[in-house]
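Hello,

Please open it first and then read on.

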Amino acid sequence: MRKTVLVLVEKLYCDAHIARDGSEVEATASLKLGRDTWHLCLEHNVSFGRYLCDALGAPPESEAVEVEPVSEPEPEPEPEPEPAAVQSVMIAGEVPGYEWDDAREAVRNLGYEVVGRADDSTVLLILGEGGDRNATKLRDASERGIPVMDVRKPGRFKSAIRSGELVGGDPLPEPAKVDRSGMSERERNRAVRAWARENGYAVPTKGRIPMHVRHAWEHRDESEGKAAAA
């Protein structure tokens with residue numbers, strides 16, 4: 001079934017034509033002055049426009065406004081990652097086959113720092129000859145759980161440097177007892193035996209040193225002084 005729908009369409013007619021002869025000519029533009037508005041066809045739009053231009057003068061051209069281009073903000077540079085902390089190593093005692101400076105330089109060449117006291121970066125304690133007398137470094141290693149690499153065996157340190165890898169896992173020794181002379185008990189016993197043999201005392205190669213031999217060694221300076229005076 002077909003339906004017919006009527007749609008109202010509003011048309012605007014030129015007010016100038018209506019005022020002149022009552023004809024209906026469709027308006028194409030509007031002229032507004034204050035509260036009043038006139039609808040004009042193309043013909044009267046042009047003629048009234050010319051009249052106003054002659055009477056009032058052409059309107060000034062709008063000054064061109066220079067629009068500065070909006071620059072996009074430069075992306076902020078990404079922060080550079082912080083360099084990884086350099087791991088450090090403690091060396092206690094003398095490394096067999098190496099001078100003091102050479103041993104430390106060899107460790108630095110592997111990318112480690114050599115420190116006197118352990119900190120959060122310390123990952124290894126290298127134990128050399130006499131290292132058991134350094135109670136401070138042994139205590140640092142014990143408290144912080146730092147692995148120990150015992151290099152008192154000749155060639156152990158050199159092999160590790162050649163391989164480029166320092167590996168711990170050796171037992172941490174107890175700090176050696178040191179007397180007033182600065183010698184450990186083992187060094188002291190070695191010195192007593194050597195002195196006793198040179199001075200005619202019979203001492204065993206291993207085991208307990210007789211008390212009279214120890215007493216004589218402790219007072220050796222007095223005995224030598226008396227002999228020199230006589």
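Below are notes on the nonpolar cores and the salt bridges.

This is a predicted model, in which local features need pLDDT of at least 70, side-chain atom pairs count only at pLDDT 80 or more, and totals for chains, interfaces and linings use all residues. Residues are numbered from 1 along each chain as its sequence is written, and side-chain values use heavy atoms, leaving out hydrogens and water.

Let's begin with the inside. A nonpolar core here is a set of buried Ala, Val, Leu, Ile, Met, Phe, Trp, Tyr and Cys residues joined through side-chain atoms within 4.5 Å. Buried means under 20% relative accessible area, exposed over 50%, and partly exposed in between (1.4 Å probe, protein chains only). The largest core has 16 residues, and V89, I91, V107, I126, F157 and L166 touch the most other members. Another core, of nine residues, lies apart from it and includes L127 and L138.

Now the charged pairs. The whole structure has five salt bridges, each a side-chain nitrogen of Lys or Arg within 4 Å of a carboxyl oxygen of Asp or Glu. One joins R117 and D140, with the closest N and O atoms 2.6 Å apart. D140 is buried, because its relative accessibility is 5%, while R117 is partly exposed at 49%. R144 pairs with D120 at 3.2 Å between the closest N and O atoms; here D120 is exposed at 76% and R144 partly exposed at 44%. E105 and R108 form another salt bridge (3.9 Å, N to O).

Enjoy exploring!
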